[in-house]
Amino acid sequence: MCLWRTLPASLFGRKVALAAATTGLADQLTIEPAVVNNPHDSLLQQNPLGKISTLITPEGQTLFDSRVIIEFLDAKAGGGVLIPKGDARWKVLRQQALVDGLIDAALLVVYEDRYRLEDECSPGWVACQQDKMARALDYAESHYTLTPVAETLHVGEIALAAALGYLDLRFEGAWRQRYPKLVTWLTLFRQELPAYDATGRQP
Ligand SMILES: N[C@@H](CCC(=O)N[C@@H](CS)C(=O)NCC(=O)O)C(=O)O
């Protein structure tokens with residue numbers, strides 16, 4: 001049994017949860033909620049970055065971040081499940097990198113509002129992050145004809161589903177007006193993986 005430091009509203013946590021559901025390993029993870037930015041939370045001993053998700057294996061090994069945890073789950077499931085082997089691997093990993101970058105930018109926008117005092121905020125810098133988000137979504141909409149099929153859900157698709165869920169939660173689903181293919185794609189994904197609706201914080 002692994003100890004999993006996460007929070008329901010964490011989209012990177014949801015990404016790990018969807019990966020665990022896809023590999024059938026969800027019952028191997030025991031959640032211990034983490035309070036990020038709390039200097040007294042043991043998360044800081046487990047992960048010097050103080051970020052979730054962080055996973056502690058039964059052997060006491062600490063794994064972070066979500067990419068490493070997903071590699072771990074993939075290996076536990078026999079390999080080549082979440083991250084294909086062969087040439088398909090690079091396309092999938094690039095898709096994960098694009099979506100993680102989209103969400104890194106989204107988090108920076110959210111944190112700007114949440115953590116910075118009003119006179120510390122930089123509208124130009126926020127606009128730069130919003131542009132990254134828009135370019136990543138434009139790219140996903142026009143380049144990825146994603147067709148989720150339960151047996152082949154991979155980490156690129158899982159990351160995208162978690163990311164779109166976060167945009168629903170924190171950005172009032174504004175992306176839905178502009179990206180009809182991604183709307184359809186997420187509908188299909190939800191049908192394929194019921195864990196989507198059972199994880200994450202709903203808007
Ligand atoms: N690259 C990391 C990003 C993790 C991340 O940014 N997690 C957020 C919550 S969704 C967090 O812990 N934020 C607290 C902080 O940055 O201090 C991953 O893939 O797991």
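Two residues are taken to be in contact if their C-beta atoms, placed from the backbone, lie within 7 Å. By this criterion, and leaving aside residues up to four places away in sequence, Leu-102 touches Met-133, Ala-136, Leu-137 and Ala-163. The structure is a predicted model, in which local features need pLDDT of at least 70, side-chain atom pairs count only at pLDDT 80 or more, and totals for chains, interfaces and linings use all residues. Residues are numbered from 1 along each chain as its sequence is written.

The overall layout comes next. The protein chain holds nine helices and four strands, where helices (H or I, at least four residues) and strands (E, at least two) are DSSP runs, numbered from the N terminus. Read from the N terminus, the elements follow the order β-α-β-α-β-β-α-α-α-α-α-α-α. The radius of gyration of the protein chain is 17 Å, close to the 17 Å that the globule rule gives for 203 residues, so the chain is as compact as a globular protein of that length. This radius is taken over C-alpha atoms, and the globule rule is 2.2 Å times the number of residues to the power 0.38. The C-alpha trace spans about 45 × 45 × 30 Å along its principal axes. Among contacts between residues at least 6 apart in sequence, 70% join residues at least 24 apart.

The four strands make an open sheet with mixed pairing, in the order 2-1-3-4; two strands pair if DSSP finds at least two bridges between them. Strand 2 (29-33) and strand 4 (62-63) stand at the edges, each with a single partner strand, so one side of each is left without a neighbour in the sheet. Strand 3 (residues 54-56) and strand 4 are antiparallel and joined over two bridges, with Ile-56 opposite Thr-62. Cis peptide bonds are found beside these two strands. One runs from Ile-52 to Ser-53, with omega near 5°, and Ser-53 sits in the loop between helix 2 (43-46) and strand 3. Another joins Phe-64 and Asp-65, with omega about 5°, and Asp-65 belongs to the loop between strand 4 and helix 3.

A residue is buried if 20 or more other C-beta atoms lie within 10 Å of its own, exposed if 12 or fewer, and partly exposed in between, with C-beta atoms placed from the backbone. Helix 6 has 16 residues and reaches 22 Å, close to the 22 Å expected, and 13 of its 16 residues are buried. Over the protein chain, 36% of the 203 residues count as buried.

The largest nonpolar core has 50 residues, and those with the most contacts inside it are Ala-19, Leu-102, Ala-161 and Ala-163. Such a core is a set of buried Ala, Val, Leu, Ile, Met, Phe, Trp, Tyr and Cys residues joined through C-beta atoms within 7 Å. Helix 6 gives the most to this core, with ten residues. Domain 1 (2-76) and domain 2 (88-198) both give residues to the core, so it lies between them; the domain bounds come from an automatic or database domain assignment. The centres of the two domains, taken over C-alpha atoms, are separated by 20 Å. Eleven residues from domain 1 and 15 residues from domain 2 take part in the contact. On the side of domain 1 that touches domain 2, helix 1 and helix 3 are the elements giving two or more residues, and the largest share, eight residues, comes from helix 1.

Some residues lie at the exposed end of the scale. Asn-37, in the loop between strand 2 and helix 2, has a positive phi near 70° and is exposed, with 11 other C-beta atoms within 10 Å. Glu-172, in the loop between helix 6 and helix 7 (175-178), has a positive phi near 55° and counts as exposed, with 10 C-beta neighbours inside 10 Å. Ala-198 lies in helix 9 (residues 195-198) and counts as exposed, with 11 C-beta neighbours inside 10 Å. The C-alpha atoms of Ala-198 and Leu-18 are 9.6 Å apart, although 180 residues separate them along the chain.

Notes. The expected span of a helix is 1.5 Å times one less than its number of residues.
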